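Q: Let's take a structure apart one feature at a time. Give me the general idea first, then the case at hand.

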Amino acid sequence: MKYSEAFLNAAADLCAAGRIIDSKERVPATSGNFSVRLPDGTIAITVSGKHKGRLQIEDIMLIDAEANSLDGKKPSAETLLHTSLYKRFPNVGCVLHPHAINAVLVSRIFKTEIVLEDYELLKAFNGITTHESRIVVPIFANDQDIPRLAAEVERYLDRHDGCYAYVIAGHGFYTWGTTVDETLRHIDALDYLFDCELRLHGVKKV
Ligand SMILES: [Zn+2]
């Protein structure tokens with residue numbers, strides 16, 4: 001298959017994002033998956049089973065908005081979680097899913113949601129301009145049945161505006177943004193804020 005220039009640029013961005021995320025130890029083993037939406041509505045996304053710190057262009061595949069492979073490569077089981085976010089949010093251009101240890105730990109002490117408020121770093125999120133802000137990150141039970149998990153996320157997002165991310169318990173988190181850079185910034189901010197909460201609750205040494 002001959003890929004478009006838009007796909008190849010997105011694939012290069014995803015490889016670079018993988019190296020950055022891996023350098024902060026947020027995608028151990030072959031965990032995590034990343035995607036970018038292209039201008040024509042198709043999606044460049046990581047294939048399953050590759051180490052995200054050592055991605056090559058051939059480790060990125062092309063799918064349509066319904067998560068069907070367009071190039072014969074095998075998508076990750078979690079692809080549906082990406083396509084449902086793109087369908088819901090027309091402005092979202094990137095979805096990143098790390099398995100950061102801080103997200104796993106917060107899901108062990110908070111059961112349904114993590115409330116982040118009065119932190120200067122909340123300004124890292126698109127549209128937030130003051131520390132006098134509050135965001136809620138929901139936590140969903142882990143589930144190997146991805147359509148069922150995707151439906152649960154959909155039900156939550158139907159009822160809540162201003163959501164930037166969600167945690168899957170014992171697993172990792174999903175966050176999204178208009179660009180790869182913005183979504184990387186959301187990962188950095190979430191990891192830092194989860195770290196703050198873990199220290200405040202005595203899980204980590206302050
Ligand atoms: Zn995962």
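Q: Let's start with the surface: is alanine 29 buried or exposed?
A: The scale is relative accessible area: buried means under 20%, exposed over 50%, and partly exposed in between, using a 1.4 Å probe and protein chains only. Alanine 29 is exposed, because its relative accessible area is 58%. Before we go on, keep in mind that this is a predicted model, where local features need pLDDT of at least 70 and side-chain atom pairs count only at pLDDT 80 or more, while totals for chains, interfaces and linings use all residues. Residues are numbered from 1 along each chain as its sequence is written, and side-chain values use heavy atoms, with hydrogens and water left out.

Q: Where does alanine 29 lie, and what is its phi?
A: Alanine 29 sits in the loop between helix 1 and strand 1, and its phi is positive, about 55 degrees, even though it isn't a glycine. Glutamate 25 belongs to the loop between helix 1 (5-23) and strand 1 (33-37) too, and this non-glycine residue also has a positive phi, of about 60 degrees. Glutamate 25 counts as exposed because its relative accessibility is 68%.

Q: What does alanine 44 touch?
A: Go by contact, meaning heavy atoms within 4.5 Å. Alanine 44, in strand 2 (residues 43-46), is buried, since its relative accessible area is 0%. Leaving out residues up to four places away in sequence, alanine 44 touches Phe7, Ala10, Leu14, Phe34, Ser35, Val36, Leu38, Ile60, Met61 and Leu62. As for asparagine 9, it is 35 residues from alanine 44 along the chain, and their C-alpha atoms are separated by 9.8 Å.

Q: And lysine 74: is it buried or exposed?
A: Lysine 74 counts as exposed, because its relative accessibility is 60%. You'll find lysine 74 in the loop between strand 3 and helix 2. Beyond its neighbours within four places in sequence, lysine 74 is in contact with Val47, Ser48 and Met61. With serine 48, the separation is 26 residues in sequence and 6.9 Å in space, C-alpha to C-alpha.

Q: Which are the protein donors of the zinc ion?
A: Donors are N, O and S atoms within 2.8 Å of the metal (3.2 Å for Na, K and Ca); water is not among the atoms, so sites may look incomplete. For the zinc ion, the protein donors are Glu78 (OE), His97 (NE2), His99 (NE2) and His171 (NE2), at 2.1 to 2.6 Å. Along the chain they follow the spacing E-x18-H-x1-H-x71-H. Distant parts of the chain are linked by the pair of glutamate 78, in the loop between strand 3 (60-63) and helix 2 (79-88), and histidine 99, in the loop between strand 4 (94-97) and helix 3 (101-109), 21 residues apart. Glutamate 78 counts as buried because its relative accessibility is 12%.

Q: Why is the arrangement of the four donor atoms around the zinc ion called irregular?
A: Four donors count as tetrahedral if all angles lie between 85 and 135 degrees; four count as square planar and six as octahedral if opposite donors are over 155 degrees apart and all others between 65 and 115; anything else is irregular. Here the donor atoms subtend angles of 91 to 152 degrees, which makes the arrangement irregular.

Q: How many residues of helix 2 are buried?
A: Seven of its ten residues are buried, so helix 2 is mostly covered. They are Thr79, Leu81, His82, Thr83, Ser84, Leu85 and Tyr86. In helix 3, the buried residues include Asn102, Ala103, Val104, Val106 and Ser107. Among the elements covering the buried residues of helix 3 are strand 5 (113-117), strand 6 (134-140), strand 7 (165-168), strand 8 and helix 5.

Q: How many residues does the largest nonpolar core have?
A: A nonpolar core is a set of buried Ala, Val, Leu, Ile, Met, Phe, Trp, Tyr and Cys residues joined through side-chain atoms within 4.5 Å. The largest one has 45 residues, and those with the most contacts inside it are Ile114, Leu116, Phe125, Val137 and Phe194. Helix 5 (residues 180-200) gives the largest share of this core, nine residues. Another core, of 23 residues, lies apart from it and includes Leu81, Val92, Val136 and Tyr156.

Note on methods: Helix = DSSP H or I, 4+ residues; strand = E, 2+ residues; numbered from the N terminus.
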